[in-house]
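I opened this entry to keep track of what I looked up in one chain. The notes cover pockets, helix packing and overall layout.

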Amino acid sequence: MLLDFDRLGAWKWVLMTITVLVALFLLLPIVFIAALSFGNSQWLIFPPPGWTLRWYRELLADPRWLESAWTSARIAFCVTVLSVVIGLLASLALTRGSFRGREALRALFITPMILPVVVLAVALYAFFLKVGLNGTLLGFVLAHLVLALPFSVISISNALEGFDKSIEDAAILCGATPWEARFRVTLPAISHGLFAAAVFSFLVSWDEVVVAIFMASPTLQTLPVKIWTTLRQDLTPVIAAASTLLVLFTIILMLAAVLVRKGMKR
(Lines give C-alpha, C1' and ligand atoms only; values in the text may rest on other atoms or scores of the structure.)
Protein backbone atom coordinates (compact mmCIF):
# COMPACT_ATOMS: atom_id res chain seq x y z
CA MET A 1 0.00 0.00 0.00
CA LEU A 2 1.11 3.57 -0.68
CA LEU A 3 0.79 4.64 2.97
CA ASP A 4 2.15 1.45 4.49
CA PHE A 5 4.11 2.49 7.58
CA ASP A 6 6.80 -0.16 7.08
CA ARG A 7 7.52 1.14 3.56
CA LEU A 8 8.01 4.80 4.48
CA GLY A 9 11.75 4.41 4.94
CA ALA A 10 13.38 7.38 6.66
CA TRP A 11 10.02 9.15 6.91
CA LYS A 12 8.98 6.52 9.43
CA TRP A 13 11.45 7.90 11.96
CA VAL A 14 10.35 11.47 11.22
CA LEU A 15 6.74 10.55 11.94
CA MET A 16 7.71 8.69 15.12
CA THR A 17 9.73 11.70 16.33
CA ILE A 18 6.83 14.07 15.68
CA THR A 19 4.47 11.70 17.48
CA VAL A 20 6.74 11.52 20.53
CA LEU A 21 7.14 15.30 20.65
CA VAL A 22 3.40 15.88 20.41
CA ALA A 23 2.77 13.29 23.14
CA LEU A 24 5.33 14.95 25.42
CA PHE A 25 3.79 18.36 24.73
CA LEU A 26 0.37 17.05 25.80
CA LEU A 27 1.50 14.94 28.76
CA LEU A 28 4.21 17.08 30.38
CA PRO A 29 1.74 19.55 31.98
CA ILE A 30 -0.02 16.62 33.65
CA VAL A 31 3.32 15.29 34.89
CA PHE A 32 4.19 18.72 36.29
CA ILE A 33 0.86 18.92 38.14
CA ALA A 34 1.43 15.46 39.62
CA ALA A 35 4.93 16.48 40.75
CA LEU A 36 3.59 19.69 42.34
CA SER A 37 1.06 17.68 44.34
CA PHE A 38 3.94 15.93 46.15
CA GLY A 39 5.98 19.08 46.78
CA ASN A 40 6.50 20.23 50.39
CA SER A 41 6.19 23.93 49.51
CA GLN A 42 2.91 25.67 50.39
CA TRP A 43 3.04 27.34 46.96
CA LEU A 44 2.99 25.85 43.48
CA ILE A 45 6.75 25.83 42.85
CA PHE A 46 8.49 23.67 40.27
CA PRO A 47 10.71 21.84 40.79
CA PRO A 48 9.52 21.13 44.35
CA PRO A 49 12.15 21.72 47.05
CA GLY A 50 11.09 18.49 48.78
CA TRP A 51 8.52 15.74 48.77
CA THR A 52 5.54 15.08 51.02
CA LEU A 53 2.04 13.55 51.14
CA ARG A 54 0.69 16.40 53.24
CA TRP A 55 -1.55 17.83 50.53
CA TYR A 56 -3.26 14.50 49.89
CA ARG A 57 -3.93 14.12 53.62
CA GLU A 58 -5.43 17.61 53.74
CA LEU A 59 -7.51 16.89 50.65
CA LEU A 60 -8.94 13.65 52.01
CA ALA A 61 -9.57 15.21 55.43
CA ASP A 62 -11.52 18.18 54.07
CA PRO A 63 -15.28 17.37 53.92
CA ARG A 64 -15.84 20.10 51.31
CA TRP A 65 -13.61 18.33 48.79
CA LEU A 66 -15.17 14.96 49.56
CA GLU A 67 -18.67 16.39 49.20
CA SER A 68 -17.76 17.88 45.81
CA ALA A 69 -16.38 14.54 44.63
CA TRP A 70 -19.52 12.74 45.84
CA THR A 71 -21.69 15.31 44.04
CA SER A 72 -19.75 14.77 40.80
CA ALA A 73 -20.12 11.00 41.14
CA ARG A 74 -23.89 11.19 41.74
CA ILE A 75 -24.46 13.53 38.83
CA ALA A 76 -22.24 11.49 36.49
CA PHE A 77 -24.03 8.25 37.41
CA CYS A 78 -27.49 9.73 36.78
CA VAL A 79 -26.34 11.31 33.52
CA THR A 80 -24.84 7.99 32.37
CA VAL A 81 -28.04 6.04 32.96
CA LEU A 82 -30.30 8.63 31.34
CA SER A 83 -27.93 9.23 28.44
CA VAL A 84 -27.70 5.53 27.54
CA VAL A 85 -31.47 4.94 27.82
CA ILE A 86 -32.49 8.05 25.88
CA GLY A 87 -29.64 7.57 23.41
CA LEU A 88 -30.76 3.99 22.75
CA LEU A 89 -34.35 5.01 22.06
CA ALA A 90 -33.26 7.93 19.89
CA SER A 91 -30.79 5.77 17.97
CA LEU A 92 -33.46 3.16 17.26
CA ALA A 93 -35.67 5.88 15.82
CA LEU A 94 -32.86 7.48 13.80
CA THR A 95 -31.45 4.27 12.33
CA ARG A 96 -34.68 2.35 11.72
CA GLY A 97 -37.28 5.05 11.35
CA SER A 98 -38.34 6.49 8.00
CA PHE A 99 -40.08 9.70 9.01
CA ARG A 100 -39.77 13.20 7.61
CA GLY A 101 -37.09 15.32 9.25
CA ARG A 102 -35.03 12.38 10.48
CA GLU A 103 -31.71 13.87 9.37
CA ALA A 104 -32.64 17.23 10.87
CA LEU A 105 -33.37 15.47 14.17
CA ARG A 106 -30.03 13.66 13.98
CA ALA A 107 -28.28 17.00 13.46
CA LEU A 108 -30.18 18.45 16.42
CA PHE A 109 -28.88 15.71 18.71
CA ILE A 110 -25.30 16.44 17.64
CA THR A 111 -25.63 20.23 17.98
CA PRO A 112 -24.27 20.39 21.58
CA MET A 113 -20.96 18.97 20.29
CA ILE A 114 -20.64 21.79 17.74
CA LEU A 115 -22.03 24.70 19.73
CA PRO A 116 -19.47 26.55 21.91
CA VAL A 117 -19.79 25.35 25.50
CA VAL A 118 -19.94 28.91 26.87
CA VAL A 119 -22.90 29.76 24.64
CA LEU A 120 -24.69 26.59 25.71
CA ALA A 121 -23.90 27.29 29.37
CA VAL A 122 -25.33 30.82 29.21
CA ALA A 123 -28.49 29.56 27.50
CA LEU A 124 -28.99 26.78 30.05
CA TYR A 125 -28.33 29.17 32.91
CA ALA A 126 -30.91 31.67 31.67
CA PHE A 127 -33.53 28.96 31.12
CA PHE A 128 -32.93 27.09 34.39
CA LEU A 129 -32.97 30.36 36.31
CA LYS A 130 -36.51 31.00 35.09
CA VAL A 131 -37.79 27.50 35.90
CA GLY A 132 -36.02 27.32 39.26
CA LEU A 133 -33.56 24.51 38.43
CA ASN A 134 -30.35 26.48 38.74
CA GLY A 135 -28.22 25.27 41.64
CA THR A 136 -30.14 22.01 42.02
CA LEU A 137 -29.07 18.41 41.48
CA LEU A 138 -31.77 17.98 38.82
CA GLY A 139 -30.51 21.05 36.99
CA PHE A 140 -26.97 19.67 37.00
CA VAL A 141 -28.15 16.32 35.63
CA LEU A 142 -30.23 17.88 32.85
CA ALA A 143 -27.46 20.29 31.86
CA HIS A 144 -24.83 17.56 31.72
CA LEU A 145 -27.28 15.28 29.91
CA VAL A 146 -27.48 17.80 27.07
CA LEU A 147 -23.71 17.53 26.67
CA ALA A 148 -23.50 13.75 27.05
CA LEU A 149 -26.42 12.73 24.85
CA PRO A 150 -24.66 13.33 21.49
CA PHE A 151 -21.93 10.85 22.45
CA SER A 152 -24.54 8.21 23.26
CA VAL A 153 -26.46 8.80 20.04
CA ILE A 154 -23.31 8.55 17.91
CA SER A 155 -21.95 5.43 19.68
CA ILE A 156 -25.22 3.51 19.74
CA SER A 157 -26.25 4.56 16.23
CA ASN A 158 -22.95 3.30 14.83
CA ALA A 159 -23.42 -0.01 16.64
CA LEU A 160 -26.98 -0.36 15.33
CA GLU A 161 -25.92 0.43 11.76
CA GLY A 162 -23.33 -2.34 11.96
CA PHE A 163 -25.87 -4.85 13.29
CA ASP A 164 -27.64 -7.16 10.87
CA LYS A 165 -31.35 -6.56 11.51
CA SER A 166 -32.26 -9.84 9.80
CA ILE A 167 -31.06 -11.64 12.96
CA GLU A 168 -33.65 -9.75 14.96
CA ASP A 169 -36.29 -10.52 12.33
CA ALA A 170 -35.38 -14.20 12.53
CA ALA A 171 -35.95 -14.14 16.29
CA ILE A 172 -39.40 -12.64 15.72
CA LEU A 173 -40.20 -15.34 13.16
CA CYS A 174 -39.20 -17.93 15.76
CA GLY A 175 -41.87 -16.66 18.14
CA ALA A 176 -40.28 -13.76 20.03
CA THR A 177 -42.13 -10.48 20.38
CA PRO A 178 -40.49 -7.40 18.80
CA TRP A 179 -39.39 -6.02 22.18
CA GLU A 180 -38.24 -9.44 23.36
CA ALA A 181 -36.12 -9.76 20.24
CA ARG A 182 -34.58 -6.35 20.84
CA PHE A 183 -33.76 -7.15 24.47
CA ARG A 184 -32.47 -10.70 23.93
CA VAL A 185 -30.84 -10.34 20.51
CA THR A 186 -30.17 -6.72 19.57
CA LEU A 187 -28.99 -5.33 22.90
CA PRO A 188 -26.34 -8.04 23.49
CA ALA A 189 -25.11 -7.57 19.92
CA ILE A 190 -24.65 -3.80 20.35
CA SER A 191 -23.30 -4.02 23.91
CA HIS A 192 -20.01 -2.47 22.79
CA GLY A 193 -21.88 0.61 21.61
CA LEU A 194 -23.84 0.83 24.85
CA PHE A 195 -20.65 0.48 26.87
CA ALA A 196 -18.89 3.19 24.85
CA ALA A 197 -21.89 5.47 25.33
CA ALA A 198 -21.83 4.88 29.09
CA VAL A 199 -18.09 5.58 29.39
CA PHE A 200 -18.20 8.76 27.30
CA SER A 201 -21.31 10.02 29.10
CA PHE A 202 -19.75 9.47 32.51
CA LEU A 203 -16.51 11.21 31.56
CA VAL A 204 -18.30 14.15 29.93
CA SER A 205 -20.26 14.75 33.11
CA TRP A 206 -17.36 14.00 35.47
CA ASP A 207 -14.92 16.42 33.79
CA GLU A 208 -17.35 19.20 32.82
CA VAL A 209 -16.48 22.58 34.32
CA VAL A 210 -17.88 25.39 32.12
CA VAL A 211 -21.56 24.44 32.34
CA ALA A 212 -21.07 23.32 35.95
CA ILE A 213 -19.82 26.78 36.93
CA PHE A 214 -23.09 28.31 35.73
CA MET A 215 -25.16 25.61 37.42
CA ALA A 216 -23.29 25.63 40.76
CA SER A 217 -24.47 27.17 44.00
CA PRO A 218 -22.67 27.80 47.31
CA THR A 219 -24.04 24.51 48.65
CA LEU A 220 -23.79 22.38 45.50
CA GLN A 221 -20.52 22.17 43.57
CA THR A 222 -18.90 19.48 41.48
CA LEU A 223 -15.25 18.58 41.86
CA PRO A 224 -14.06 20.53 38.76
CA VAL A 225 -15.94 23.61 40.01
CA LYS A 226 -14.36 23.22 43.45
CA ILE A 227 -10.92 23.07 41.83
CA TRP A 228 -11.70 26.17 39.75
CA THR A 229 -13.01 28.26 42.66
CA THR A 230 -10.12 27.23 44.92
CA LEU A 231 -7.63 28.07 42.16
CA ARG A 232 -8.99 31.61 41.97
CA GLN A 233 -8.83 32.10 45.74
CA ASP A 234 -5.64 30.31 46.82
CA LEU A 235 -2.81 28.64 44.90
CA THR A 236 -2.44 25.78 47.36
CA PRO A 237 -0.89 22.44 46.31
CA VAL A 238 -4.15 20.81 47.43
CA ILE A 239 -5.45 21.85 44.01
CA ALA A 240 -2.63 19.89 42.37
CA ALA A 241 -3.46 16.87 44.53
CA ALA A 242 -7.14 17.04 43.59
CA SER A 243 -6.26 17.46 39.91
CA THR A 244 -3.88 14.50 40.05
CA LEU A 245 -6.53 12.26 41.60
CA LEU A 246 -9.04 13.45 39.00
CA VAL A 247 -6.68 12.57 36.16
CA LEU A 248 -5.78 9.25 37.81
CA PHE A 249 -9.44 8.30 38.14
CA THR A 250 -10.05 9.14 34.48
CA ILE A 251 -7.07 7.03 33.39
CA ILE A 252 -8.23 4.09 35.51
CA LEU A 253 -11.71 4.35 34.03
CA MET A 254 -10.36 4.40 30.48
CA LEU A 255 -8.10 1.39 31.16
CA ALA A 256 -11.05 -0.47 32.65
CA ALA A 257 -13.06 0.37 29.54
CA VAL A 258 -10.32 -1.05 27.32
CA LEU A 259 -10.14 -4.27 29.37
CA VAL A 260 -13.91 -4.71 29.39
CA ARG A 261 -14.10 -4.12 25.65
CA LYS A 262 -11.40 -6.72 25.06
CA GLY A 263 -13.38 -9.15 27.21
CA MET A 264 -16.50 -8.44 25.14
CA LYS A 265 -14.62 -9.20 21.91
CA ARG A 266 -13.40 -12.51 23.31
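Which helices each supply at least two residues of the lining of the largest pocket? I found α11 (223-233) and α12 (237-265). I note here that the model is a predicted one.

**Entry 1. Largest pocket**

I looked up the volume and got about 260 Å³ of space for the largest pocket. Its lining has 13 residues, and those nearest the pocket centre are P224, I227, I239, S243 and L246. Of the helices, α12 contributes the most to this lining, with five residues. I then sorted the lining by class and noted 11 nonpolar residues, one polar and one charged.

**Entry 2. Second largest pocket**

I read about 220 Å³ of space in the second largest pocket. The residues lining this pocket are E58, D62, R64, W65, Q221, K226, T229, T230, Q233, D234, T236 and V238. Two or more of the lining residues come from each of α3 (63-96) and α11. Which helix gives the most to this lining? I have α11 down for that, with four residues. By class I wrote down two nonpolar, five polar and five charged residues for the lining of the second largest pocket.

**Entry 3. α3 against α11**

I went on to how these two helices pack. The axes of α3 and α11 come within 7 Å, and I noted a crossing at roughly 140°. On the α3 side, the contact is made by R64, W65, S68, A69 and S72, and on the α11 side by L223, P224, K226, I227 and T230. I classed the residues of this contact as five nonpolar, three polar and two charged.
Some of these residues were already in my pocket notes. R64, W65, K226 and T230 are among those lining the second largest pocket, while P224 and I227 are among those nearest the centre of the largest pocket.

**Entry 4. α6 against α9**

At what angle do the axes of helix α6 (residues 137-161) and helix α9 (residues 191-207) cross? I have roughly 160°, with the axes coming within 8 Å. That angle is over 145 degrees, so α6 counts as roughly antiparallel to α9. I also noted that α6 passes α9 in a right-handed crossing. From α6, the residues making the contact are H144, L147, A148, F151, S152, S155, I156 and A159. From α9, they are H192, G193, L194, A196, A197, F200, S201, V204 and S205. How many charged residues does the contact of α6 with α9 have? I found no charged residues there, with 10 nonpolar and seven polar.

**Entry 5. α7 against α8**

I looked up helix α7 (residues 165-173) and helix α8 (residues 178-189) next; their axes come within 9 Å and cross at roughly 130°. I therefore put α7 and α8 down as oblique to each other. The crossing of α7 past α8 is right-handed. I listed I167, E168, A171 and I172 in α7 as meeting P178, A181, R182, V185 and T186 in α8. The contact of α7 with α8 divides into six nonpolar residues, one polar and two charged.

**Entry 6. Whole chain**

I left the overall layout until the end. How many helices and strands are there in the chain? I counted 12 helices and zero strands. Read along the sequence, the pattern I wrote down is α-α-α-α-α-α-α-α-α-α-α-α. For the extent of the chain, I noted that the C-alpha atoms fill a box of roughly 70 × 65 × 30 Å, taken along the principal axes.

Terms used: Residues are numbered from 1 along each chain as its sequence is written. This is a predicted model: local features need pLDDT of at least 70, side-chain atom pairs count only at pLDDT 80 or more; totals for chains, interfaces and linings use all residues. Side-chain values use heavy atoms; hydrogens and water are left out. Axes are lines fitted to C-alpha atoms, for helices over the stretch in contact, and angles run from 0 to 180 degrees between N-to-C directions. Angles under 35 degrees count as roughly parallel, over 145 as roughly antiparallel, 65 to 115 as roughly perpendicular and the rest as oblique. A crossing is left-handed if the near helix is turned anticlockwise from the far one by less than a right angle, and right-handed if clockwise. Contact means heavy atoms within 4.5 Å. Ala, Val, Leu, Ile, Met, Phe, Trp, Tyr, Cys and Pro count as nonpolar, Asp, Glu, Lys and Arg as charged, and the others, Gly among them, as polar. On a 1 Å grid over the protein atoms alone, a cavity is a set of points where a 1.4 Å probe fits but cannot get out, and a pocket is an open set with protein on both sides within 12 Å along at least five of seven lines; lining residues have an atom within 4 Å of a point. Grid points are joined across faces, edges and corners, and a volume is the space filled by probe spheres set on the points.
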